[in-house]
Amino acid sequence: MDTSETYHYQVMRRAIDAIDASGDDPLPLADLAAQMKMSPAHFQRVFSTWVGVSPKRYQQYLTLGHAKSLLRERFTTLETAHAVGLSGSGRLHDLFVRWEAMSPGDYARDGAGLTIYWGWFESHFGPALVMGTDRGICGLAFAAEAGPEPAMADLKSRWPKASYVEDPTALRPWAMAALGMTGETQLHMIGAPFQLKVWEALLTIPSGHVTTYSEIAASIGNPKAVRAVGTAVGRNPVSWLIPCHRALRKSGGLGGYHWGLPVKRAMLAWESARVDASAGVS
């Protein structure tokens with residue numbers, strides 16, 4: 001990104017953080033603009049360009065009732081998604097994501113013999129830790145709530161016998177695509193067979209839509225395994241690209257989110273905003 005894009009990107013991140021911190025109390029446009037040291041008109045124009053909708057409309061997406069409205073209006077039946085050909089090789093976040101899974105034997109070795117590269121990158125949802133092998137991204141964590149050290153320790157604990165090398169340059173093309181900027185990204189998923197089935201099911205949920213844990217269980221042929229599905233969703237190592245934030249409780253509650261519920265709410269709001277913007281809703 002050039003200098004002006006980087007500046008506006010950081011401004012929008014701070015604005016979204018301020019909106020999220022206000023909870024269900026809407027922030028007036030003038031107050032938001034003042035916090036960002038912009039005029040109201042300029043701030044509204046820049047925000048709408050980056051997010052896709054006005055600050056007022058975006059705040060509506062962040063309310064606690066938004067998850068329930070998503071279940072009413074944009075619930076996705078995963079069996080239908082499979083029937084029409086959506087899968088891990090399908091379109092996600094307007095990117096093409098290629099999927100490659102590690103064999104069960106390799107997984108059982110806790111990453112022994114693997115070299116995993118890592119680096120920190122900026123994202124719409126705060127600092128993002130990206131990890132990857134020579135085959136693709138294997139880890140993506142958000143540190144806005146957890147903090148950088150816990151995020152790093154969390155991902156490393158999943159493959160304790162791997163070798164870790166800091167090399168953001170090597171990861172940058174995949175990371176930039178993963179974080180919604182440009183290009184194509186590739187995933188190298190490292191998990192147990194049941195986890196891989198759950199994560200692949202998550203890939204069939206379109207951006208701006210949601211499903212439930214019980215629907216995921218049914219879609220993988222194990223309708224009674226709702227609790228196990230919830231655990232697998234929570235252990236997804238590649239947040240955002242494998243969209244575990246789109247899994248909700250039947251009641252419309254957000255359920256849990258490994259990197260913090262404010263991050264999950266922001267992700268759902270962001271996606272809803274982009275979908276509505278493409279449909280001409282302002």
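Leu 268 counts as buried because its relative accessibility is 3%, where buried means under 20% relative accessible area, exposed means over 50% and partly exposed lies in between, as calculated with a 1.4 Å probe on protein chains only.

The model is a predicted one, in which local features need pLDDT of at least 70, side-chain atom pairs count only at pLDDT 80 or more, and totals for chains, interfaces and linings use all residues. Residues are numbered from 1 along each chain as its sequence is written, and side-chain values use heavy atoms, with hydrogens and water left out.

Seen as a whole, the secondary structure of the protein comes to 13 helices and nine strands, these being DSSP runs numbered from the N terminus, with helices as H or I of at least four residues and strands as E of at least two. The protein has 282 residues, of which 51% count as buried. Among its contacts between residues at least 6 apart in sequence, 69% join residues at least 24 apart, a contact being heavy atoms within 4.5 Å.

The interior can be described through its nonpolar cores, each a set of buried Ala, Val, Leu, Ile, Met, Phe, Trp, Tyr and Cys residues joined through side-chain atoms within 4.5 Å. The largest of these has 75 residues, and those with the most contacts inside it are Phe 43, Tyr 58, Met 131, Phe 142, Leu 202 and Val 233. A second, separate core has five residues, among them Leu 70, Val 210, Leu 248 and Leu 254. Returning to Met 131, and leaving aside its neighbours within four places in sequence, one finds it in contact with residues including Ile 116, Trp 118, Ile 137, Met 152, Leu 155, Trp 159 and Leu 171. Leu 171 belongs to helix α9 (residues 168-178), where Trp 174, Ala 175, Met 176, Ala 177 and Ala 178 are buried along with it. After α9 comes Gly 180, which has a positive phi near 85°.

Which residues bring α10 and α12 together? Phe 194, Gln 195, Val 198, Trp 199 and Leu 202 in α10 meet Ala 228, Val 229, Ala 232 and Val 233 in α12. The residues of this contact divide into eight nonpolar, one polar and no charged, with Ala, Val, Leu, Ile, Met, Phe, Trp, Tyr, Cys and Pro counted as nonpolar, Asp, Glu, Lys and Arg as charged, and the others, Gly among them, as polar. Helix α10 (residues 193-202) packs against α12 at an angle of about 75°, with the axes 9 Å apart; the axes are lines fitted to C-alpha atoms, for helices over the stretch in contact, and angles run from 0 to 180 degrees between N-to-C directions. That angle makes α10 roughly perpendicular to α12, since 65 to 115 degrees counts as roughly perpendicular, under 35 as roughly parallel, over 145 as roughly antiparallel and the rest as oblique.

Strand β7 (residues 185-189) holds His 188, which is buried, with a relative accessible area of 1%. The side chains of His 188 and Thr 133 are joined by a polar contact of 2.7 Å; such a contact is a pair of N or O atoms within 3.5 Å, where within protein one must be able to donate a hydrogen and the other to accept it, and residues adjacent in sequence count only if both atoms are side-chain atoms.

The loops deserve a look as well. Most residues other than glycine have a negative phi. Trp 240, in the loop between α12 (226-234) and β9 (247-248), has a positive phi of about 75° although it is not a glycine, and at 6% relative accessibility this tryptophan counts as buried. Asp 110 likewise has a positive phi, of about 60°, without being a glycine; it lies in the loop between α7 (104-108) and β3 (115-121) and is partly exposed, with a relative accessible area of 30%. Ala 146, in the loop between β5 (136-142) and α8 (148-158), is 113 residues from Trp 259 in sequence but 6.3 Å from it in space, C-alpha to C-alpha.
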